[in-house]
Amino acid sequence: MKTVHKPAVSRARNLAIGVLVALPVVGIGTSLQASVERNAYEAVSPTIEQARANILISRQLQFTHFRDQAIDDALAEEVFNDYLDYLDGQRVYLTQEDIKSFQPLKSQMAAALRTGQLQPGFQIYNRVQTRIIERMDYALGLLERGVDRFNFETDDEILLDRSEADWEPDQAALDRLWNKRIRNAVLGQRLNGSTDEEIVEVLTRRYESQRKRISQMRSEDAFQAYMNAFTGTWDPHTNYFSPRNSENFNINMSLSLEGIGAVLQSDNEYTKVVRLVPGGPAARQGQLGPADRIVSVKQDDEEQPTNVIGWRLDEVVDLIRGPRGSTVTLEVIPANASDETVTRTIAIKRDEVKLEEQSAKSEVIELDRGGETYRIGVIDIPTFYADFQAMQQGDPNYKSTTRDVRKLLEKLKDENNVDGLVVDLRNNGGGALHEANDLVGLFIDQGPTVQIRSADNQVQVLSDQDPSVAWDGPMVVLVNRMSASASEIFAGAIQDYGRGLVVGSQTFGKGTVQAVRSLNHGQLKITQSKFYRVSGGSTQHRGVIPDIEIPSRIDTTRIGEDALERALPWDQIESVPHARYFDFSSMIDELRDRHADRFDDSPEFSLLQKEIDFLAEQRETTMVSLNEDERRSYQEQLESRQLAIANARRELKGDEPFEDFKAMEEHQEQQAAAAPGDEDELDFIVREGGHIMADMLELDRRMATILPAGTVTAKAE
């Protein structure tokens, strides 16, 4: 092995160590030139430990990953393209000339990845960093000359998403593109009320920070970026963690026991919010959301925020974490922003994620229908949890999802005499697998709950062995796009058993299982297995399709397994024998018709649909004008529509309308700490789940107590 990788590493060291890249910048002032000299980029080179880790990663991927594929030229081309997408996803730093010069490196990549020769990846990385510095210097030069020199009366436009655009042919073309980018940034801040002096200060600080960050890049940054482009060609959940990130692996799983309670990931130059941890500070505060991108982070004692564009994930997390009770302020680009110049500031008080905040909760809603009152029990389950520490200590009263839900069911039956049950799994991202298995057991006699297939086609079946049933009445399970993993296992089992109806929108589709393996240098998280329903269909990629669909604001083109590159596909295996408690086929069309009639007459749903349509229109916008008058008119139209929707919703609640858009924003900020997101606004969906329950009872009174109809072998979906 030594003869394979040692010479390659030596050559890389000789080529790269000690090379300082200080690029001349034409037409900039003395202060900027001094900054350029201070922040020269030192090219990075691979280490022997990294080369060994590369070889281990290659072997693990080829022989133990669920997806069977070889490291050949076709895969190397995918790695090459993914690597460039990671380093320059918006195609604003590299040119066609650069891409052409990389072709010899691409042709070497397959053999290099198999044998730990890392110089192709490092040479590309170093070139990109120098190009980023060139762009930062160009942007700073424009700002130093003054933004009053920009012309905002032209018919120029700028493409918002350049991920599919052609590379610019040369540096001159990039200059023209960046002139537009700076004008767009200036115009966006002008429309937000900033003066030109404030704009120059903010943007200068942003680009200087990004430039300084590039000058501090290390060998580990290049290696982790290159290896993740490599591992990502197997599936998006297979990742390499550097030793630094391995120490903080929990931040990738739940970031938050000392922070804000948000799962983050790198998204090109940005750090993106994947989901919020139920019960965490960010979820309670209510303004941060999935797919928001973080621009800057500010501490309590700081006057100015720290720009984090281009920072490593672990470094951003370090800034967000802090003493309990302190406040961190994030500047983010909202997921529904019309372009990257639109940001909002969110202040979040750091705290622990309290187990009681994640606990299942219940309530009873009453529905008056034609002179008859239905009492519906609602159980909200934010996550599948278990107090493992208390469990290991032998505490007989340790908390878990299944234990808490059993108690809530007993209370609903004994004290409230409910007619039906709604289980709310919206925004539940999963959790402990055994809790999903046990929770299904509360609603069936006994039987299989989920199948797990490994890479060698061995299938393990998890089952409920307890014949007792905590609730044998009719039930509805509410889901949405953020319902994932364990939530999908539960909802899929309820659907397969005919135990209840699933209502809402298509779930996330996370149906894979990962294991973390130690390497000589860092760790590899690798996909080894897939989940399958008892009916045989996988939850992977497709998720759970509701029996009755309710549209959602969530952008399914950006959030969900089927929105991820190279996600493992849906497939199916043999079903396992399981009971079928009720056949809904005779009533499902009538249930859907009744639901549609109610929503046609529902002002709440009408508003939700208007908002969904509005967000969809925004997402379809590909270009924005750089003409100040046209842009101002466009922004005023957007704000007017948002204000109209908000005031219509306030009218339904009997509240006074907002006078203007600013008043609406101020109110939302004031209410954020007290109102956890959209729960109150979307309460009508819970009530609709109750109405569907009442429809079920009216159409077939036998559902008041569902008894097993016998054992069947259900067909896979």
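**Entry 1: the overall picture**

I started by reminding myself that this is a predicted model. The protein has 717 residues, and 55% of them are buried. I counted up the secondary structure next and got 24 helices and 23 strands. Then I checked the contacts with a sequence separation of 6 or more: 76% of these join residues 24 or more positions apart.

**Entry 2: helix α17**

I wanted to know how the end-to-end distance of α17 fits its length. The helix runs over residues 401-416, which is 16 residues. At 1.5 Å a residue I should get a span of 22 Å, and the end C-alpha atoms sit 21 Å apart, so the two agree.

Which residues of α17 are buried? My list reads T401, T402, D404, V405, L408, L409, L412 and N416. They cover an arc of only 160° around the axis, so they lie on the same side of α17. I then looked at the face turned away from that buried side, and there I found the exposed residues K407, D414 and E415.

What do the buried residues pack against? I noted three strands, β11 (361-369), β12 (372-380) and β13 (420-424), plus the helix α18 (433-441). One more thing I jotted down is that N417 follows α17 and has a positive phi, near 50°.

**Entry 3: helix α14**

I looked at α14 because six of its eight residues are buried, which leaves it largely enclosed by the rest of the structure. It covers residues 313-320. The buried ones are L313, D314, E315, V316, V317 and I320. I note that D314 and E315 are on that list.

**Entry 4: α3 against α6**

At what angle do α3 and α6 cross? I get roughly 100° between the axes of α3 (residues 48-64) and α6 (residues 103-115), which come within 6 Å. That angle makes α3 roughly perpendicular to α6. On the α3 side, N54, I55 and S58 make the contact, while α6 brings A112, L113, R114 and T115.

**Entry 5: salt bridges**

My tally came to 41 salt bridges. I followed up a few of them.

For a local pair I picked E628 and R632, where the closest N and O atoms are 2.9 Å apart. Both sit in α22 (residues 628-653), four residues apart, so about one helical turn separates them. E628 counts as buried at 18% relative accessibility, and R632 is partly exposed at 31%. Going on to bridges that share partners, I traced one network that joins R369, E590, R594, R598, E688, D695 and E698.

**Entry 6: two loop residues**

Where is E168? I found E168 in the loop between β3 (157-159) and α8 (171-191). Its relative accessibility is 18%, and with the buried cut-off at under 20%, E168 counts as buried. Leaving out residues up to four places away in sequence, E168 touches L94, T95, Q96, R162, A173, L174 and L177.

R580 was my last stop, in the loop between β21 (578-579) and α20. At 28% relative accessibility R580 is partly exposed. I also looked at R580 and G498: they are 82 residues apart in sequence, yet their C-alpha atoms are 5.4 Å apart in space.

Key: Residues are numbered from 1 along each chain as its sequence is written. This is a predicted model: local features need pLDDT of at least 70, side-chain atom pairs count only at pLDDT 80 or more; totals for chains, interfaces and linings use all residues. Side-chain values use heavy atoms; hydrogens and water are left out. Buried means under 20% relative accessible area, exposed over 50%, partly exposed in between (1.4 Å probe, protein chains only). Contact means heavy atoms within 4.5 Å. A salt bridge is a side-chain nitrogen of Lys or Arg within 4 Å of a carboxyl oxygen of Asp or Glu. The expected span of a helix is 1.5 Å times one less than its number of residues. The arc is that of the directions from the helix axis to the C-beta atoms. Axes are lines fitted to C-alpha atoms, for helices over the stretch in contact, and angles run from 0 to 180 degrees between N-to-C directions. Angles under 35 degrees count as roughly parallel, over 145 as roughly antiparallel, 65 to 115 as roughly perpendicular and the rest as oblique.
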